[in-house]
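Dear colleague,

I am handing over the structure we spoke about, and I would be glad if you could look through it with the notes below at hand.

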Amino acid sequence: MQSSLRSFSGPRIKYAPDDSPYESITLDKLTPIIGGEIGGVDLRETSNRQMDEIHRALAENLVIFFRDQHLTPEQHLDFGRKFGDLHIHPAAPSEPDHPELMIIHADKDSFRANGEGWHSDVSCDSEPPMGSILYIRKCPPRGGDTLFANMYAAYEALSDRLKEYLEGLTARHDGEHYRGQYKNFGIQDKESYPSADHPVVRTHPVTGRKALYVNKGFTRYINGLPRDESDGMLRYLYEHMANPLFQCRFRWQENSIAFWDNRCVQHHAMWDYWPHTRSGNRVTVKGTRPV
Ligand code: SIN
């Protein structure tokens with residue numbers, strides 16, 4: 001039997017990453033398939049050349065990381081604005097006077113932590129976020145890593161027959177599970193949370209590549225299929241996407257930043273550090289309707 005790691009003619013996905021050099025930044029790839037750590041840049045003062053290369057590094061690596069950054073909340077927001085208008089989370093807490101600066105925090109008294117489970121941020125929005133820029137300031141002594149998975153690679157590793165089956169299907173994404181999730185921050189529930197239909201396979205507006213766009217956090221069912229078939233198909237896709245072949249795992253240090261592209265990446269945050277504290281802020285950049 002074939003695994004998703006290999007076929008009868010070598011690996012099911014054959015990646016030949018572009019290794020052409022960068023001039024104004026350094027790039028250290030975490031894996032050939034996803035993730036790159038950028039060096040030689042202070043995000044408080046980036047040159048145009050560095051910004052061009054950061055855009056290129058994000059497109060090629062899907063999630064990029066920066067270490068030892070010292071941004072004020074305004075500088076964090078300004079960096080996000082270089083990529084588009086900023087998104088306001090429909091449920092999560094934010095910093096006073098900064099609705100676009102989402103609070104990411106878990107400590108010994110938390111009953112949940114953000115992002116525990118594979119998802120693409122706020123995919124229940126009709127125009128889900130393009131990217132998320134997470135700045136962690138306080139880390140536990142160990143743990144609290146974030147895993148990222150490449151949804152182009154997950155799509156490309158499917159058989160042609162399955163790709164054909166998924167073509168043109170849409171799925172329902174729903175944010176109702178936000179209800180009650182932030183009560184420990186004193187947040188009252190809204191009357192309703194967003195929901196939207198999106199293609200199961202979306203085409204990235206910048207790279208033109210196809211990516212799987214269903215996720216365990218938000219997707220409820222595939223439209224137009226009997227519910228048992230939809231459940232079975234989603235179960236298979238979630239299992240397939242979670243193959244370590246498609247992943248990298250980022251070990252945080254204080255003052256690190258991760259910037260991921262929600263259009264082609266899913267992520268999963270580990271809450272393995274209780275009773276310690278992990279906290280920071282996320283700036284999220286608005287996206288467009290998936291097609
Ligand atoms: C999230 O934005 O989903 C949380 C990610 C993390 O805390 O690593």
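The notes that follow take the ligand and its surroundings to begin with, and then turn to some points in the loops.

Please bear in mind throughout that this is a predicted model.

The ligand sits in the largest pocket, where the residues surrounding it are I104, N114, G115, H119, D121, L134, T146, W260, H267, A269, R278 and R282. Sorted by class, this shell is made up of 4 nonpolar, 5 polar and 3 charged residues.

For T146, a polar side-chain atom lies 2.6 Å from a ligand oxygen; for H267, an N or O atom of the side chain is 2.9 Å from an oxygen atom of the ligand; and for H119, the corresponding separation between a side-chain N or O atom and a ligand oxygen is 3.0 Å. The ligand taken alone exposes 260 Å², of which the protein buries 99%.

The loops on either side of strand 15 hold two further points. N262 is located in the loop that runs between strand 14 (256–261) and strand 15, and it counts as buried because its relative accessibility is 1%, where the cut-off for that class is under 20%. Its C-alpha atom is separated by 9.8 Å from that of T284, a residue 22 positions away along the chain. In the loop between strand 15 and strand 16 one finds P275, and the peptide bond leading from W274 to P275 is cis, with omega near 10°.

As a reminder for this bond and for what comes next, most peptide bonds are trans, and most residues other than glycine have a negative phi. Two residues depart from the latter pattern. L62, which is not a glycine, has a positive phi of about 75° and lies in the loop between helix 1 (48–61) and strand 3 (63–66). D97, likewise a residue other than glycine, has a positive phi near 65° and is placed in the loop between strand 4 (94–95) and strand 5 (98–106).

With best regards

Technical notes. Residues are numbered from 1 along each chain as its sequence is written. This is a predicted model: local features need pLDDT of at least 70, side-chain atom pairs count only at pLDDT 80 or more; totals for chains, interfaces and linings use all residues. Side-chain values use heavy atoms; hydrogens and water are left out. A residue is near a molecule or strand if one of its heavy atoms lies within 4 Å of it. A polar contact is a pair of N or O atoms within 3.5 Å; within protein, one must be able to donate a hydrogen and the other to accept it, and residues adjacent in sequence count only if both atoms are side-chain atoms. Accessible areas come from the Shrake-Rupley method with a 1.4 Å probe; for residues, only the protein chains shown count as cover. On a 1 Å grid over the protein atoms alone, a cavity is a set of points where a 1.4 Å probe fits but cannot get out, and a pocket is an open set with protein on both sides within 12 Å along at least five of seven lines; lining residues have an atom within 4 Å of a point. A molecule sits in a cavity or pocket if more than half of its atoms lie within 2 Å of its grid points. Ala, Val, Leu, Ile, Met, Phe, Trp, Tyr, Cys and Pro count as nonpolar, Asp, Glu, Lys and Arg as charged, and the others, Gly among them, as polar. Helices (H or I, at least four residues) and strands (E, at least two) are DSSP runs, numbered from the N terminus. Buried means under 20% relative accessible area, exposed over 50%, partly exposed in between (1.4 Å probe, protein chains only).
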